[in-house]
Amino acid sequence: MKNLQGRSARLDILAVDEENRVYNIEIQRDDSGASVKRARYNSSLIDANITEPGEQYENLNETYVIFITEHDVLKGGRPIYRIERTVQETGESFGDGTHILYVNAQMKDDTALGQLMHDFACTSADEMHYQILADRVRYFKEDAEGVAAMCKIMEDMKNEAAREAEREKAIKSARAILALGKLSYEEIADSLELTVDEVKALDEGKPA
């Protein structure tokens with residue numbers, strides 16, 4: 001997800017369900033990658049990217065940011081943590097439609113969630129509880145067509161990461177050139193393979 005005025009974010013999963021609810025799911029082995037400030041940032045970035053010009057605020061999608069973490073990041077000894085905004089004086093829900101969840105993958109008990117976390121850690125489809133996951137693992141690891149598809153996905157991800165790195169480099173260079181105040185938006189855009197609108201947005205978003 002792009003943010004020309006600040007840090008962009010590469011999301012693990014972004015999905016929309018039939019009720020138009022938006023889900024960002026992040027799989028984190030490193031505790032530092034699941035900080036509460038990152039959850040806040042991802043939530044705000046989703047709002048900024050799914051909002052169209054002129055759209056009413058009341059039409060904002062309901063959003064869920066879900067971190068599935070290898071360790072108990074919030075250290076409460078619970079399998080799942082649901083974070084909701086509330087009005088402190090009344091204890092009532094603020095009702096803004098934003099939800100943040102942390103799932104503790106250390107909990108692999110016999111509950112539905114515990115069995116799902118067990119399957120997340122499995123490398124063998126034969127040991128999984130959920131058939132739909134087991135079938136997909138077999139497809140991508142054992143079926144020739146699935147293996148080929150996975151190889152292409154990995155190659156596409158590698159190429160996309162390289163393109164993103166080049167783009168971030170171009171944006172950084174554009175900011176430096178804008179600070180000099182010697183070239184037009186069009187000249188900067190042409191030299192760095194950015195659009196004129198992107199360069200203009202960078203200039204408008206700089207600190208006063």
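**Where two helices meet**

Modeller: Gladly, and keep in mind that this is a predicted model. Let's begin with a helix contact: Tyr-185, Glu-186, Ile-188 and Ala-189 of H5 meet Val-196, Val-199, Lys-200 and Asp-203 of H6.

Biologist: Which classes of residue make up the contact of H5 with H6?

Modeller: Sorting a contact by class shows its make-up. Here there are five nonpolar residues and three charged ones, with no polar residues.

Biologist: And how do the axes of H5 and H6 cross?

Modeller: Look at distance and angle together. The axes of helix H5 (residues 185–192) and helix H6 (residues 196–204) come within 8 Å, crossing at roughly 115°. The crossing of H5 past H6 is right-handed.

Biologist: Let's turn to the strands. What is the order of the strands in the open sheet?

Modeller: The order of its five strands is E1-E2-E3-E5-E4, and the pairing is mixed. Strand E1 (13–16) and strand E4 (80–83) are at the edges; each has a single partner strand, so one side of each lacks a neighbour in the sheet. On average, neighbouring strands are turned by 15° against each other, ignoring direction.

Biologist: In what sense do E1 and E2 pair?

Modeller: The sense is antiparallel, over four bridges, and strand E2 covers residues 22–28. To find your place along this pair, note that Leu-14 stands opposite Asn-24 in E2.

Biologist: Which strands do helices H1 and H2 lie across?

Modeller: Take each helix in turn. Helix H1 (residues 36–50) lies across E1, E2, strand E3 (63–69) and strand E5 (98–104), and runs at about 145° to E3. Helix H2 (residues 112–121) lies across E2, E3, E4 and E5, at about 70° to E5.

Biologist: Can we finish with a single residue? Is Tyr-64 buried or exposed?

Modeller: For that, compare its relative accessible area with a cut-off. Tyr-64, in strand E3, has a value of 18%, and buried means under 20%, so Tyr-64 counts as buried.

Biologist: Which residues is Tyr-64 in contact with, leaving aside neighbours within four places in sequence?

Modeller: They are Arg-21, Val-22, Tyr-23, Asn-24, His-99 and Leu-101.

Biologist: How far apart are Tyr-64 and Cys-122?

Modeller: Separation can be given along the chain or through space. These two residues are 58 residues apart in sequence and, from C-alpha to C-alpha, 25 Å apart in space.

How values were computed
Residues numbered from 1 in each chain as written. Predicted model: local features only at pLDDT ≥ 70, side-chain atom pairs only at ≥ 80, totals over all residues. Heavy atoms only, no water. Pairing = 2+ DSSP bridges. Axes fitted to C-alpha atoms, helices over the stretch in contact; angles between N-to-C directions. Contact = heavy atoms within 4.5 Å. Left-handed = near helix turned anticlockwise from the far one by under 90°. Nonpolar A, V, L, I, M, F, W, Y, C, P; charged D, E, K, R; others polar. Buried < 20%, exposed > 50% of the residue type's maximum accessible area, 1.4 Å probe, protein only.
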